[in-house]
Amino acid sequence: MANTAIDVSDVTFRYPGVDDPILENADLRIERGEFIAILGGNGSGKTTLCKTFNGLVPNFFEGDFDGRVRVAGQNTRDASVADLSRDVGYVFQEFENQLVTPTVYDEMTFGPVNYGQDDYRERALNTLSQLDIETVDGRFIWELSGGQQHLVALGAALTMDPDILVVDEPAAQLDPVRAHKTYERLQTLNENGITIVTIEHHTEFIAEYCDTVALVADGTVKWKRPTHEGLNRIEELREHRIQPPQVTQVARKIEKGGSLPTTYADAINRYRSFEHETGQIDDHEIAREQSRDEPIISFRHVDHGYTTLRDGDVQVLEDFSLDLFPDERIALVGANGAGKSTLLRLITGIEKPNAGRITINETDTEDVLPEKLAADITYVDQNPEDMFIQDSVRGDISYYLRERDAADVEERVDEVIEFLDLEQLQDRDGRLLSVGEQRRASLGIGLATDPSIVLFDEPTGSLDLASRREVEQTINRAENRVETVIIATHDLELVAEWATRVIVLNDGAVETDGTLRDVFPNLDLLERCNLRAPQVVRLSDDLDISPPAMTVSELADRLSRRSPELKGVN
Amino acid sequence: MSYQEEFRNALSIESLKQDLLRTAYDNEGTIFNRLDPRVLLTWYAAFLVIPWLFYDMRILGGLLTFVSVLAVVSRVSKYLIALLAFGVITNVLLYAFVTVLMGGSFVQSAMALVPYTTKLTIISVTSIAVFSGMSPKNISRAFMSIGIPRQFTFAISYGYRMLPVLIEEYHETVNVYRLRSRAPESPGRFKWRYYVYLIRLSIRAFYPMIFDVAKRSRVTVEALETRGFSHSLENDKSRELQLGDLRVGQFDVLFMGGSLIVIVGIILPFV
Amino acid sequence: MSEMATENTSWFSFGQRDMTVFIFVMSLSGLQYAITEVLPEFDVGPLELGVGDFIFIPIVLVLLFRTFWAALAVPMGEVVFEDILLGDFNGLGVMEDLLLVSTCFFFAALLFQDPKNRRQLAAVVLIAEGLNEFIAMFVDIGKVYIGVEELEAVPGLPESILVLEGVDFITQMVITGIIFGVIPALYLYPKLHGKIEPLMGMEPYNGTRGASMLRGFSWKAALSVLIAFPLAFGFAAAEESGFGLNIVWEPEFLDAYGETFIAAPIIVAALVAVVLWQRAKHST
């Protein structure tokens, strides 16, 4: 037992006032020094399971609790959350709300001071330098970017020298390069002896960094296995709404059995020996024919920035020009802070350029209120929850029409609701829906205005497979009704499956602009912009497959076509 | 300036936000922030009393000048000072005016009110100067040192943490409403339509905010538990560490001494 | 949760839920005070005719959670966000707010027995705001009486103060109490009731269908309002009169009211404050 860090046995838990238990007979054992991923779809109970590790369940959340959890040999029921937290550090998914003090330094010393530790200063400073964020120690939390805030939350947990660190969805809001850095950091901590538990549904990260993986579904731990073995159970993962890594999906299509590669390195080794041959380009990614005459949205020499307390005026866009045409599927891609959201907000007219002109359908955004522009443009927020301002989905969808005293509101709303299959959800409060449903409902809100342009800001953030599918369908449906769809994202898998035009933003400037085929093969450029092409694109590059495959099925086709010997070998 | 433009500027929460943030967050390095908060509280308590000891308008005027200088030095928001001045002057005038309606004398009642109002003004200016010059961290430590429970002093630093976040969130919510609402076609007489529209949006925007803050509060209190907050409440050592680096230094002595000299200088010639 | 405010449990026990509610109500009330502070006001003369506070927000939240801590969080929000952070601190006047708003709101919240009864809801909101404004009016009048020397000697001045405070009370009741109080509260409360409590892990308050407000009348709460009144007055007087120092030198005043009138509330205030803080400290 001495080597067991966490021992959950037969735990059942029900939140007060809810009929079904969120955890049911869950068993899990985590050894000291393990780096384990808790894998599961949205709402599977994985977060609740992890909250039993530091006693939040059942000591903080009152509810019906059965079973036993031992952490570092201690029964969590007999210890307080505060005491357990000295051993178990916890970084919440909503880490922004976990930061409770005004400045970074205060946040770092908060824990040690609470526990009365004399060396609180050294602990804070050591942790700051360990995470390479010494320079921000005097900053206000609200001044920091999301990524920096996440680091501070992580650091604050580390100042307590925990034996176990639980991190809930560390990569959810980060661009791919930053997400990998976060995982590398966790790996270093793990090498220094800390047991790491991450809650994650991006199997790519799990494959690269974690020793073991536990699948949580329907409130119970289905199994815990070494990562490679666990991620090979593709059908089971899919059944529980988990997307396996792209390399594994490709292998599944071309290999009938045996052990499939899960990491990128495995996949390269496996397929390197295959002979090279030029494939045919699938036609759907080729840019559509455009009538390049009248842009629907046009930026002309736009300067835009904002004022900060510390650094005065910061320019986000400088002398920025760009034309967007109707009937394009436009993906604005870029790292966190590259200026994607600023661009979208300028299009909505909520923000105005400091210099230059932005025209929408030949209307200068300077000349009209955003309320007017909204008749043509729908903005679907990064966080769909922010779109709900009424107490029912139906109320939200009809809000715009009622405001404008539109004729036959009810029929138009009915029509949108039917179009998006929202009948079941229309009377529910938007805030209380699942994330995927929220996305769908938020599009309904947008479509009710009959817009010609729809803007999606980061539509796939923090979604499991099923919810992602729902979003992709939603975007496709939107396309049938409007002229132009623009997506701002750093999710390049989504872009690969959908876009006809890819605009890469870096530091507020257009780094490159072209078709999917033009942009994606340029791996160095993407890397420079803190982006990372999907595994299949990189794999194509490393295997010298030209032109590179964009999707899993494409690469699978290409590989199986190229390598008849493979089937023979296996 | 077009209606649109005017409307937009008035709605520019952005500039208001900047002003607010500067008031709340730009107080590093002000005199009051360099003082030991306990010394400052004592000084403040003294200033709640001193004006009441004198009736001579010359002394009161001198004291008002002194605290106003301090207010300027500690970078008090001009907006607040303007508001205060406006309040004080209209207060005296209105009382005097209504006195006339009641059959009294304008001058007589104004004269009776002026010393009283001046004293109140001295205290208000002092309060504003001290509390906007002192960082909330020091304010909460000052309160903690006089025995106010940590739950309440924590509320101050938590408010300090959250104010810009909540205002930003609120601003976003107002924007969401704007993108879905209809602005008045014309501003109307005295722009009343525009004001009604603005107020209607401001009120409605609170509804989504309530849900947002509810979720935040829940996570925050959970997080407080995991950070040993409740542990610190019974822990003397923790309290000691939080107040440990408070000490009265040379600057504090200089400030107290200096204030004393100035005040004596103001009072002596007239008694 | 619905049990928390009953006579059986102490008002001053302060658990996790109270902390959650406290932070929740404080943040929203504070945001509300901060926003209304910067909203444009249409001042008609020096009388405060501007957009007052959106008082329905704190009142509805207190009615949902019905604890003393929820009620105390309202003035705390004002003190923290408006007074301390925005720098508009008004000295010991904050004590007046802390005492009056918290006790008046709490008293009114306990009277609310039937969440489905809209008339009761309207009445309770009016009582909360009215009681608070009414007592505050007396405190204001008293302040001037104490602060201005020879007030009675100026003909017309005392009357003018009464008239202006009266007018102010009425306009406050109409603007803050009704336009920004009762009317939006009637709309907001039913929308939040039963939805926001579970989100915070609590059971909604169901009350008793058809129950009368009298059932919720709590002597303790009423008494706390009655105690808060002289205390608030004491603090106000303390500030507006230099802790009674200038009064001691005014023989007319002493003759009229006696020194104890001023001293007693201050001493009581100090004692009660100490007791409250001690209890709050030990019950966590």
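Start at C:G77, which is buried, with a relative accessible area of 0%. Buried stands for under 20% relative accessible area, exposed for over 50%, and partly exposed for what lies in between (1.4 Å probe, protein chains only). This is a predicted model, in which local features need pLDDT of at least 70, side-chain atom pairs count only at pLDDT 80 or more, and totals for chains, interfaces and linings use all residues. Residues are numbered from 1 along each chain as its sequence is written, chains are lettered from A and ligands numbered from 1 in the order in which they are written, and side-chain values use heavy atoms, with hydrogens and water left out.

**Stop 1: around C:G77**

Show helix α3 of chain C, residues 68-85; C:G77 sits in this helix. Helices (H or I, at least four residues) and strands (E, at least two) are DSSP runs, numbered from the N terminus. Now select C:M26, C:G30, C:Y33 and C:E82. C:G77 touches these four, not counting residues up to four places away in sequence. Contact here means heavy atoms within 4.5 Å. Then draw a C-alpha to C-alpha line from C:G77 to C:N132: they are 17 Å apart in space and 55 residues apart in sequence.

**Stop 2: helix α5 of chain C**

Select residues 118-147 of chain C. This is helix α5, with 30 residues. From first C-alpha to last, α5 of chain C reaches 43 Å, close to the 44 Å expected at 1.5 Å a residue. The expected span is 1.5 Å times one less than the number of residues. Zoom to the start of α5(C). There, a side-chain oxygen of C:N117 comes to within 3.0 Å of the backbone nitrogen of C:R119.

**Stop 3: where chain C meets chain B**

Colour the two chains separately. In this interface, 79 residues of chain C contact 74 residues of chain B. Together the chains bury about 6800 Å², 80% of it on carbon and sulfur atoms. Buried area is the accessible area (1.4 Å probe) that two parts lose on being put together, summed over both. Helix α1 (residues 16-38) of chain C gives the largest share of its side, 15 residues. By class, the chain C side has 51 nonpolar, 15 polar and 13 charged residues. Ala, Val, Leu, Ile, Met, Phe, Trp, Tyr, Cys and Pro count as nonpolar, Asp, Glu, Lys and Arg as charged, and the others, Gly among them, as polar.

How many salt bridges are there between chain C and chain B? The count is zero. A salt bridge is a side-chain nitrogen of Lys or Arg within 4 Å of a carboxyl oxygen of Asp or Glu.

**Stop 4: from chain B to chain A**

The whole structure has 49 salt bridges over all chains. Select B:R216 and A:E96 for one of them; their closest N and O atoms are 3.7 Å apart. The pair crosses between chains, from helix α11 (residues 206-226) of chain B to the loop between β6 (88-91) and α4 (104-114) of chain A. B:R216 is buried at 6%, whereas A:E96 is partly exposed at 27%.

**Stop 5: within chain A**

Select A:E351 and A:R345. Their side chains meet in a salt bridge at 2.8 Å, N to O. A:E351 is partly exposed at 24%, and A:R345 is buried at 16%.

Key. Polar contact = N/O pair within 3.5 Å; in protein donor to acceptor, adjacent residues only side chain to side chain.
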